[in-house]
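Student: I have a new structure open and would like to walk through it. Can you show it here?

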Amino acid sequence: MTTTAVRSSHTSRRRGLIACAAVLTTLLTVPAPSPAPARAAHGADDPTNVILLIGDGMGDSEITLARNYTVGATGRLAMDRLPVTGASLTSSVDEHGRPDYVTDSAAGATAWATGRKTVNGRVSKTPDTDRPLPTLLELAQRQGHATGSVTTASVTDATPAALTAHVTDRSCKGPADMAECPTDTLARGGAGSIAEQSVARRPDVLLGGGAGVFGQTIAQGPHQGRTVLQQARASGYQVVRDRAELAAARPGKPVLGLFADESVPVEWSGRPAAVGGTAPQRCARNAARPAGTPDLAESTRAALRLLTAGRGVADGGPAGTGAKKGKGFFLQVEGASIDDKDHDADPCGQIGETAAFDRAVAAALEFAAGHPRTLVIVTADHGHASQIIPTDARPPGLSATLVTDEGSPMHVGYATNATDDVQEHTGVQVRVAAQGPQAHRVQGVHDNTALFGTVRAALGLRRE
């Protein structure tokens, strides 16, 4: 390089440094812009909400079946979009605290509802002394949060019951069903059946099936001679029976939705699995499902509307149960019949319910997008029987072949029990996924009881 070129290069460098210094001087002397005004609707001081979505029996295989059938092997469900994932261990215990490696829904729900493991069949009571354990819903109520429970099962079924009731056996749904729970009867000083306790607990929103149980007559106590439904009405509940009545429900009184006598009819139907398999089939809409029945996503949106609409009221309570202005809410949403149809080895029914549950997840995520201080958790209580197997496999149990939306055959096998009996749960770990405040707590492998701590931390609940 010539002397002239070197001199020119140094000169250019000096000019560049002078220019940079000028820019820095400007940046340091120009006043910083005023901070953007805080959004009126949502900010750091907004209350935290928790939406816990439970796919009953929704193990990884059930999720994969629904994904393959509806959005394809390379597609993604709404539940796949949650950014933080981990695994939940699902064992229950016996009366002596020893592991029972395959849980049922009662013990599974008790684990996250109370932070304690219990024996299969028991609802939010200790495994040894059979004493009531405080639940997340009870703690949230006592500390001023709005509360709700949505399910496609009866509202007295094991998973919703774990939040609102304490009974020795999950079969004690109504006052006529107390054979397995003698010490829980009102005559023995107990709190009564699941239905009676749930009504007395007064969550702001309680939606699902179970009208048949609520038609039972109460045999003891202050409501003796009334049906449980009459008890609910006398206690101030708005009772809704279909989509139109649910849409018309307003905050100010608790809402009890009873959309079927037992479980809410499933979304899809098809031929169940059989020994030797079935001919390839496509799933169909369930023609027996009444037209006015809200789906799980509709019920979830309605619950979110009711839980948030009353926050501006002077006493803060959308349903007069102690909810305070400035407090958030706790809502549990259960896709119950994934489990039921897995028991029946009915792949179309099972996949349809998983797809319906995923739409409820989408509704929760849509709400969270407008309310960023919302923790959304998606998980399951246990794994189940269905497996995706090679199309040329000849399993000894039940199997069926579906043709997915991608046009490919998918062979589904069930072999966790005899072919003439219901298929059974499995003891595998299940996915737990989350987004929002405290979502990091689900990372890694944890016991199902850890969900209690995650929800409690997000809502700032004190354990009593």
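Student: Where is the place of A345?

Tutor: A345 sits in the loop between α11 and α12. Helices here are DSSP runs of H or I with at least four residues, strands are runs of E with at least two, and both are numbered from the N terminus. One note before going on: this is a predicted model, where local features need pLDDT of at least 70, side-chain atom pairs count only at pLDDT 80 or more, and totals for chains, interfaces and linings use all residues. Residues are numbered from 1 along each chain as its sequence is written, and side-chain values use heavy atoms, with hydrogens and water left out.

Student: What about the phi of A345?

Tutor: Phi of A345 is positive, about 55°, although A345 is not a glycine. Most residues other than glycine have a negative phi.

Student: Is A345 buried or exposed?

Tutor: A345 counts as buried because its relative accessibility is 1%. Buried means under 20% relative accessible area, exposed over 50%, and partly exposed in between, using a 1.4 Å probe and protein chains only.

Student: Which other residue other than glycine has a positive phi?

Tutor: S124 has one, with phi near 50°. S124 is found in the loop between α3 (105-114) and α4 (136-142), and its relative accessibility of 0% is why S124 counts as buried.

Student: Back to α11. Where is K341, and is it buried or exposed?

Tutor: K341 belongs to helix α11, residues 337-343. K341 counts as buried because its relative accessibility is 18%.

Student: What is K341 in contact with?

Tutor: Leaving aside neighbours within four places in sequence, K341 is in contact with V266, D346, G349 and Q350. Contact means heavy atoms within 4.5 Å.

Student: Now the inside. How many residues has the largest nonpolar core?

Tutor: The largest nonpolar core has 41 residues, and those with the most contacts inside it are I51, L53, L331, F357, V361 and V378. Such a core is a set of buried Ala, Val, Leu, Ile, Met, Phe, Trp, Tyr and Cys residues joined through side-chain atoms within 4.5 Å.

Student: Which element gives the most to this core?

Tutor: That is α12, with 7 residues.

Student: And which residues is L331 in contact with?

Tutor: Again leaving aside neighbours within four places in sequence, the contacts of L331 include V50, I51, L52, A303 and L307.

Student: Switching to β13. How many of its residues are buried?

Tutor: 7 of the 7 residues of β13 are buried, so β13 is largely enclosed by the rest of the structure. T374, V376, V378 and A380 cover one side, with L375, I377 and T379 on the other.

Student: Which strands do bridges join to β13?

Tutor: β1 runs parallel to β13, joined by 7 bridges, and β17 runs antiparallel to β13, joined by 4 bridges. Two strands pair if DSSP finds at least two bridges between them.

Student: What stands opposite V378 in β17?

Tutor: A433 does. V378 is also the bridge partner of L53.
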